[in-house]
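Let us walk through this structure step by step.

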Amino acid sequence: MYIGVDYYPEQWPKERWQEDVSLMKELGVNVVRLAEFGWQLMEPKEGVYDFSLFDEVIDLMSQHDIKVVLGTPTATPPAWMIHNYPDILPVDEEGVTISFGGRRHYSVNSKRYRAFSVKIVEQLAKHYGRNETVIGWQTDNEYGHEKSDRSYGEQDRVAFHEWLKDKYETLEHVNEAWGTAFWSQTYTEWEQIPAPKKVLQEHNPGLLLDWDRFCSDQYTSYNKEQCDVLRHHISEDQFITHNFVFNEQAIKQRDMTKDLDFVSYDNYPVWGGLAEPIPPAAIAQQHDLCRATKDGKGYWVMEELAGAQGWSQIGYLPRPGHIKLWTYQAIARGAEAIVYFRWRAARYGTEQFCHGILDHDGKPRRKFEEVKEVFLELKEMGDDWIASHYEPEVGVYYDVENAWAWKIQPQSSALRYKEELVRFYNGAYRLNAATTIVHPESSLEGLKTIIVPLYFLNNSSFTSKLKEYVNDGGTVVLTYRSGVKNEDNAVTDRTLPGELAELAGIEVHEYEPLQEGQQHRVVGTAGHIADVMSPATVWCDLIETTTAEVIAKYRDAFYEGTPAITKNKYGKGFVYYIGTAVEDYYLARLYRDVFRESNVKTYDMPEDVEIIIRKKENGKRYLCVLNHSTTASHRITLPKGIWKDAISGEKFQGDVRMPSLGATLLIER
Amino acid sequence: MYIGVDYYPEQWPKERWQEDVSLMKELGVNVVRLAEFGWQLMEPKEGVYDFSLFDEVIDLMSQHDIKVVLGTPTATPPAWMIHNYPDILPVDEEGVTISFGGRRHYSVNSKRYRAFSVKIVEQLAKHYGRNETVIGWQTDNEYGHEKSDRSYGEQDRVAFHEWLKDKYETLEHVNEAWGTAFWSQTYTEWEQIPAPKKVLQEHNPGLLLDWDRFCSDQYTSYNKEQCDVLRHHISEDQFITHNFVFNEQAIKQRDMTKDLDFVSYDNYPVWGGLAEPIPPAAIAQQHDLCRATKDGKGYWVMEELAGAQGWSQIGYLPRPGHIKLWTYQAIARGAEAIVYFRWRAARYGTEQFCHGILDHDGKPRRKFEEVKEVFLELKEMGDDWIASHYEPEVGVYYDVENAWAWKIQPQSSALRYKEELVRFYNGAYRLNAATTIVHPESSLEGLKTIIVPLYFLNNSSFTSKLKEYVNDGGTVVLTYRSGVKNEDNAVTDRTLPGELAELAGIEVHEYEPLQEGQQHRVVGTAGHIADVMSPATVWCDLIETTTAEVIAKYRDAFYEGTPAITKNKYGKGFVYYIGTAVEDYYLARLYRDVFRESNVKTYDMPEDVEIIIRKKENGKRYLCVLNHSTTASHRITLPKGIWKDAISGEKFQGDVRMPSLGATLLIER
Amino acid sequence: MYIGVDYYPEQWPKERWQEDVSLMKELGVNVVRLAEFGWQLMEPKEGVYDFSLFDEVIDLMSQHDIKVVLGTPTATPPAWMIHNYPDILPVDEEGVTISFGGRRHYSVNSKRYRAFSVKIVEQLAKHYGRNETVIGWQTDNEYGHEKSDRSYGEQDRVAFHEWLKDKYETLEHVNEAWGTAFWSQTYTEWEQIPAPKKVLQEHNPGLLLDWDRFCSDQYTSYNKEQCDVLRHHISEDQFITHNFVFNEQAIKQRDMTKDLDFVSYDNYPVWGGLAEPIPPAAIAQQHDLCRATKDGKGYWVMEELAGAQGWSQIGYLPRPGHIKLWTYQAIARGAEAIVYFRWRAARYGTEQFCHGILDHDGKPRRKFEEVKEVFLELKEMGDDWIASHYEPEVGVYYDVENAWAWKIQPQSSALRYKEELVRFYNGAYRLNAATTIVHPESSLEGLKTIIVPLYFLNNSSFTSKLKEYVNDGGTVVLTYRSGVKNEDNAVTDRTLPGELAELAGIEVHEYEPLQEGQQHRVVGTAGHIADVMSPATVWCDLIETTTAEVIAKYRDAFYEGTPAITKNKYGKGFVYYIGTAVEDYYLARLYRDVFRESNVKTYDMPEDVEIIIRKKENGKRYLCVLNHSTTASHRITLPKGIWKDAISGEKFQGDVRMPSLGATLLIER
């Protein structure tokens, strides 16, 4: 198993390198990622290439049996390039040209920049494509991060026109798709179409969604250009990956992944300015998403947090145990390699307060010791562990295009799509069901329940797949705001939930957004939620059943008594529809019924405790137990079986106590 | 009585039109507004006109005896025009040119745009000016809305110079009016005068107020251009109106109204992102303002909310009963026609979530039935009702120039002029006094009390009128921040309240803004407020009486015991001065005394209940009773008399029970 | 003693001048400041000079024995100049050119503007340099205020390159200092270096700190240009000063002061929009800072608040007594002259609501009487008082470069450097210790304790001075975030607190920012804080002692029991290290121990009461007693001795009662 660090030798005097490598060896590092911001060193002036610094570093690594992942340096075009060709710079919605001085200061639509990128990648590929220490490549760094996904300059607008011509062929199709009769926006020449720069109101939602698709596609093609050049020159043994961040930026990772050998991911459960980490369910959901992005294939965590993070604002200090906990969570959910960010905190530059395994003084201390313990355990059992498989039973739908549509029209001040996604994911997470993320092209085979939260942007082919899936006996959970939009981001003219209405056996005749701070109530009428009440927030769909039965009703407003949650028999399966945002405890109760019915395995654990089970072909099970609480230890009941700690050889069964922030990898005896 | 819908046939397939019209006929629609965003359809390319779509629609309407109000389409210059002539676009305070993609994307100072406008209006007028189905015209749409009132580009700045030359003739006059000796701002050439674009501090308040006047005047002249062209071509039977929104934008509606046959108004008591409707008093105040804008003449509600509204954020769902309630409130306060916005929710464009009588699926449901009931009642009694008159006894002063002055210098973080206006209006509203809005040119005849809230920008001719009014026996209520500014937005050099000091019989020697969250107290010394305490917020004037008597004092700070509210005998009348923002209950108590003394009729009703009385020449009375509460029914005592429901024939007198959201129109027997 | 008013005769008709002067004489005014915004009057068109208005005013003053301080008018370039030479205007971070219409609308890097400035200053100096009524000069007005410190245009960027060449000589030095290997930012030509305009992330902290230094140095050289021209022409009897505001703007006052005869200061304890004045300790700290800026030399308050202040928002109304209180505080802490802002509130322009001694109506009232009382007392005893000296025993470190570094990287949402500075100053203020501000070049002689709050940006020479100081027996108090950065704004590679580690006898191995609203606790283990608990906010350093002893520990989180406050013996002295933000009461307890040990005199007073003691060479003491409470009177015990009120002749000793907002200047008998 690869486990290593993100290393920036160029930021330190050469005299230090030897000590760094010694300490890495002490830790057990077998891989480092290098060079992803090193363009200026590699091409100090236009057309002059110099790889001597990285040659030296790679030699040093080679001498110590440490492998190298090389980043292509295109996230940071050098000062000379920007000074000579300022047209490379991106432009914001107000027309401000972004300055040199940060990173990702290029428009992906700059043909000039693409030419420069191809050249440097080619040089790198030629130089290192056969180097045996170099095991693989990372293209660029965090595409689209920090608002670098959308650029609104003139070259971007022109590229948008080309993209539109490809997609629509005729302006009539564009006008029809966007409904430009509204507000007299009909386009009679391609050149009339704007980039969505500042308007006094809001742009056409059809244009906005296509703009996001365009931005994403341009990055996909840009990445493909780099991959094509690399593949042409590098050894077949070298892989190509990219380290994604999964925000709502205009990047469709699953498209880009087609050109990559596997996905990488930068895992930061806490960041600058945050008083505490994001919820464990949100971290877990991101891992499931990574794994699902290339259809279940294992991924690398290319940047795993190893200390407090931040730029001008620092965040929460990860507690002793957090590094291990988050590492084991990653491995249990599908990571096959872990690279810690970063080896040592930088003395210079914007990321001065991104703390690493070592802090600025370079002395090994608590974090070093903690990471060393992780390395030790993983050396012993890592390969065995990652050779096992995670077998999801519950799929949670996520389509980045749906996320874009929500970003364009959040519809309530209380509605943050990502939080709602985690809400409906969390119901399954709390029951320790084996979850995965499904996207429109995913196979649903083997999944026993599909949860489809806030399925605003209907994808007809996925909806057909869902129908077939339920018809054949599957269970689907739908929520409010399903089936509202067609793929052009136009509202359906069918009664809501549109294409899902028959499946759900309901019609939604009215609805109301609840704003920040507003709440109504629902009360259940069946199963584990019978007579149980929950606050209803964010949104209320007022449901009329056609074939469905009612399992919860509203308690407030003029819609008191109106159905809020329903269940429908469809073919051999069942469809639930949850018309409002209920609380976590309530959702867990509801899901308990759903999962029992659909034979999803669940494990009752205290709220802080997460367990993940993996299996080998031979049926041998692997168990990861994580106590996310920073203060409470918990007595838990292990899944049936005898479980062995690979290091201590200690065996566990039945009830055990998990200390706060305890994290254990166990193998079935 | 005209009652109808805003209809956008261009946004729907022709196949649907027939069904729409059938449903409209079922409802009782006799008028539709059309075409106000239809420019691209009418002029698909420069100079090529095509009215075939609207011809067809108007024919269809004609066949079904539905009349048409036609909008001139100038709120949405088409894409081809902006692409060819981008100098039409407005520019914001930071110099950003607003993009195509919304609406109202023109500078009213663009001569090119004015030429285009005249041409399209002329074509329309020639084409439909004698069409008997077309009963009238709406110019453009919501002038100045969504920050389209002020544009800061070079052509705007040049137009400002022309406007200033007209107003001031010489630069000496400008320099004097603005007091440009301050901060060395004296102008020696017209060209030196800036548009008020971004500065590090704040612009000269004199310049800012003139800028607002300029922006408003340019819109007035723009509207007049359209009206002149229309009048030249259209039948005398066709009216011209414009649908206003009354915000603090730089539009002086009462000027523009001189060119219009009557005022129209877009009535949205709740909007996207709001958790609940604005207070009933605020809605009532807007209706009074509409009516007063053309000196008491009846107006149209050209857009009456018919469902939840919003763009990217939706707001509160109007409850069953709200549409009827808000419609009857409008009619009782002066609306002579109601046009619901909109017939059916749009599938495309920015306003996808502006819900109509029909939602996206086009099926008649709850809202359709509710509106149908309203149509039925109004068909029966509407004409009779609107032939009666509203006879105001209490005037509340509102001058949009005063609102601009407050926008320029709000003076306290807690001071929002519009809220303060409603505060002092609400005191009368709660007592069900018959209110109206008075502006500087209004006749005060017949009014028994004039309330003049936050009369910051003194208008000398109105102040003279007030003096005469009081001298002749009228009663005036003044508040804090009266008489502070002259018409150039310079501070008076007279002791406050400046020109009002003698009238009020007081001097204000000091004052203090109270910030958000701060409060002091006042306690009354006479009448219904004797020994009653109220929080004092927003502002405290420290009063010294000259001839006035004290009726409330402060209880806190170093000004404990200082007069806070006073009453002065002046000529045959009385003048009250309220030096601080007191609570609603307190103001109602104070006004009770004021109104008793000035013989203003008041009706005690529960806080949620509003009644409006209208009269015919023959003395017959019409009574509208509205219970704004969404939850509480109320027992109320009707004004003396026997009141008949025109539909049911049922008679009412004395005590009756009004259900929550109950709304009734009654006729005196 | 000079005591007077800021007078703007140009804003009023000449007919009023005589009355103004009569009222000034009634008050006792002996100096006015004039003309600092009068450029347009002096140079109505390019190259045409006209000083007639000010000649007339100065004549009038001369006739009444009132002296004049003349402002150079460069804070407000006239309209003609900006219209003809718009390249003078500053540019913001987004590239927006600031408009004419406010003040300070020039880039200090405009060579054109510098030439204009030199010319007008030369004309003024020639004209008034020998005028006996004119006693001195104020250059410009509030350099850098209102974000006028930083301009990001092309001429600014070019000037930055020149500055960098001067400082670094080679690009290699720049690249090394800023660590441009980070994110591939290495510069290979000077022209590549950006002004820190908008980026998607954050700029390099090294560049940002140098940018601030550059901006400050440019203002220093600009001021020097004015001073040089003045000195060349004016009499030796005329002084030159500048009225500073002390924010975190990019102005290093102590550099600029080298060219000035003394510092002036604009003292506004409350401003527009504030619900109450800033804390008394914060006002005191600013006075100490003024005095320290020119190494203890007395300063002028060139603008002393005389009424409620504000532009579009007004603030808290100073209570009766506040003017006197704040005046006496100023004098006691080092002001040698007081000039009230402003004589009369302006009727025109942005500062309409900056109230003066007179309000807009020009009638003397409460404030006039209050100020008159102050004038009377100061006439009697002012000269004697200011001839005495303030003898500080406690120094509090403040380096504006450190403030810039904190502005660049505040590191926690709860960390506002200025508030933290006041926190650690306030501990001494509450004990009525005699405080001063020390900066890197200050002499530490005579000081018994040096408090060095948040010494983030280490200044090596000051650190050496501190070491020597402690070694020789001094006491130093350090706090969290000490020694983090070197002078290039790079993080030290030494274990924290870096160069201070040996001095403090500790190492900081980890730390955690606490965000807004977060808190932990500390509990003391020795002295006055033994067993006393305080909330710990803002930041927690986790300390390991090397030679220090622990005097407080954390009570929460995983670092419960970890040292939070320590004390170290170093040479003959002691060094305290406070690793977190404790509450005021707690700090006062801790400082009580520190001061007892270091023989700092303290005086126990109620929390609202401040006393300041001054001495003459002959040992005679002067005592100022201030009760800052607006509501509570306090019984206090005077320092030993018999104290005489110079006016009433009344003598005080032992216990006396101070009324709320009482302020007294007493002389030892």
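Chain B is superposed on chain A by a rotation of 120° with 0.0 Å of shift along its axis, at an RMSD of 0.0 Å. The two copies are therefore related as by a three-fold rotation axis. Superposition here is by least squares on the C-alpha atoms of residues with pLDDT of at least 70 in both copies. In general, a rotation about an axis and a shift along it relate two copies of a chain. Chain C also goes onto chain A by a rotation of 120°, with 0.0 Å of shift along the axis and an RMSD of 0.0 Å. Among the residues of chain C, V96(C) comes closest to the rotation axis, with its C-alpha at 5.2 Å.

A word on the source. This is a predicted model, in which local features need pLDDT of at least 70, side-chain atom pairs count only at pLDDT 80 or more, and totals for chains, interfaces and linings use all residues. Residues are numbered from 1 along each chain as its sequence is written, while chains are lettered from A and ligands numbered from 1 in the order in which they are written.

Now look at where chains C and A meet. Chain C gives 46 residues to the contact and chain A gives 49 residues. Two residues are in contact if their C-beta atoms, placed from the backbone, lie within 7 Å. On the side of chain C that touches chain A, α8 (205-233) and β14 (506-513) each supply at least two residues. The largest share, four residues, comes from β14(C). Helices (H or I, at least four residues) and strands (E, at least two) are DSSP runs, numbered from the N terminus.

Just after α7(B), G179(B) takes a positive phi of about 60°.

Finally, chain A has domain 1 (394-598) and domain 2 (609-668), with bounds from an automatic or database domain assignment. Their centres, taken over C-alpha atoms, are separated by 33 Å.
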